[in-house]
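Have the sequence to hand as you read.

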Amino acid sequence: MRTYVVTGAASGIGAATTELIRERGHKVIGVDLRDTDVAADLSTQEGRQNAIKQTLELSEGKIDAVIAAAGISAPKAITVSVNYFGVTEYLEGLLPVLGQSEAPRVAVVSSMASIQQNSAELVEALLTGDEEASLAIGAELEAAGPGAGYLNYPSSKRALSRWVRRECITEKWAGAGIPLNAVAPGTVITNMTRELLATDEGKAMVDKNVPMPLNYHSEAVVIARLLLWLTSEENTHVTGQTIYCDGGAEATLRGDNIWS
């Protein structure tokens, strides 16, 4: 039996992942704002450190895999704190115990929005690890209105996918035998998206930005299955990848030659 840690465990992809892990006979430590094992706010440094402390206490020194699914898509500056620092700082806090596993694995939830228009300035600030500067840029975008404020979301996900790619080959990850990957969902049917997808207008807007020719919108468990394989003992060499589990949206939007 493996011990998993799942952030965002109380809803959406995190909840589906937690349920699937338990169905397969493994232990899960869930992290979210409420309604799970560790109640903590990943949008603040204090909250993240509290989450790390509680998680380590509950783990009793055994963590085999971490799936970081917590995230928000609000057109607000707080989005960058949750989606980027709420992943990176939290994961690094668990590394000492995770590295003791015989088969340590990590997967994070990015988004196909990582290929959408973003703020290059914000992405670079995030990658330097400067949360104060990142929040200042995010706040400026937020103040400019919902359109500009939305850039907080794709920017945070672009930075997260780049962080995965940068960190995966370092001594503390690859050197410790830890595959580190991201999954980028397309449109997933969750409580967060059901209301938007319930109208023809909402559905048309979503499908214009996220065209999914293969099997259309997905259930959250579809993403959970991929996350579980990436964090299973079977995965020994896949690392640094952002895998688009999006029904072909990324291929539709970017075409066949992304190497030019």
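Which element gives the largest share of the lining of the second largest pocket? That share, 4 residues, comes from α7. Before going further, note that this is a predicted model, in which local features need pLDDT of at least 70 and side-chain atom pairs count only at pLDDT 80 or more, while totals for chains, interfaces and linings use all residues. Residues are numbered from 1 along each chain as its sequence is written, and side-chain values use heavy atoms, with hydrogens and water left out.

Let's stay with the second largest pocket, which holds about 390 Å³ of space. Of its 14 lining residues, S161, R165, T242, Y244 and R254 are the closest to its centre. At least two residues of the lining come from each of α7, β9 (242–245) and α11 (249–254); helices (H or I, at least four residues) and strands (E, at least two) are DSSP runs, numbered from the N terminus. The lining divides into 4 nonpolar, 5 polar and 5 charged residues. Here Ala, Val, Leu, Ile, Met, Phe, Trp, Tyr, Cys and Pro count as nonpolar, Asp, Glu, Lys and Arg as charged, and the others, Gly among them, as polar.

A word on pockets: on a 1 Å grid over the protein atoms alone, tested with a 1.4 Å probe, a pocket is an open set of points with protein on both sides within 12 Å along at least five of seven lines, and lining residues have an atom within 4 Å of a point. Grid points are joined across faces, edges and corners, and a volume is the space filled by probe spheres set on the points.

The largest pocket has a volume of about 1,300 Å³. Among the 44 residues lining it, I72, S73, Y153, M192 and T193 are the closest to its centre. Two or more lining residues come from each of α1 (12–23), β2 (27–32), α3, α7, α8 (191–197) and α9 (200–209), and α8 gives the most, with 5 residues. By class, this lining has 25 nonpolar, 16 polar and 3 charged residues.

Now turn to α3 (residues 78–98) and α7 (residues 152–167), whose axes come within 7 Å and cross at roughly 20 degrees. Axes are lines fitted to C-alpha atoms, for helices over the stretch in contact, and angles run from 0 to 180 degrees between N-to-C directions. The two helices, α3 and α7, are therefore roughly parallel to each other (angles under 35 degrees count as roughly parallel, over 145 as roughly antiparallel, 65 to 115 as roughly perpendicular and the rest as oblique). Residues making the contact (heavy atoms within 4.5 Å) include Y84 and L91 of α3 and Y153 and W163 of α7. By class, this contact has 8 nonpolar, 5 polar and 3 charged residues.

Helix α3 also packs with α4 (residues 120–127), at an angle of about 45 degrees and with the axes 11 Å apart. That makes α3 oblique to α4. In this contact V80, Y84 and F85 of α3 meet L122, L126 and L127 of α4, giving 6 nonpolar, no polar and no charged residues.

Finally, α1 and α10 (residues 220–230) pack at about 60 degrees, with their axes 8 Å apart, and are therefore oblique to each other. Their contact includes G12 and L20 of α1 and R225 and L228 of α10. It divides into 10 nonpolar, 2 polar and 1 charged residues.
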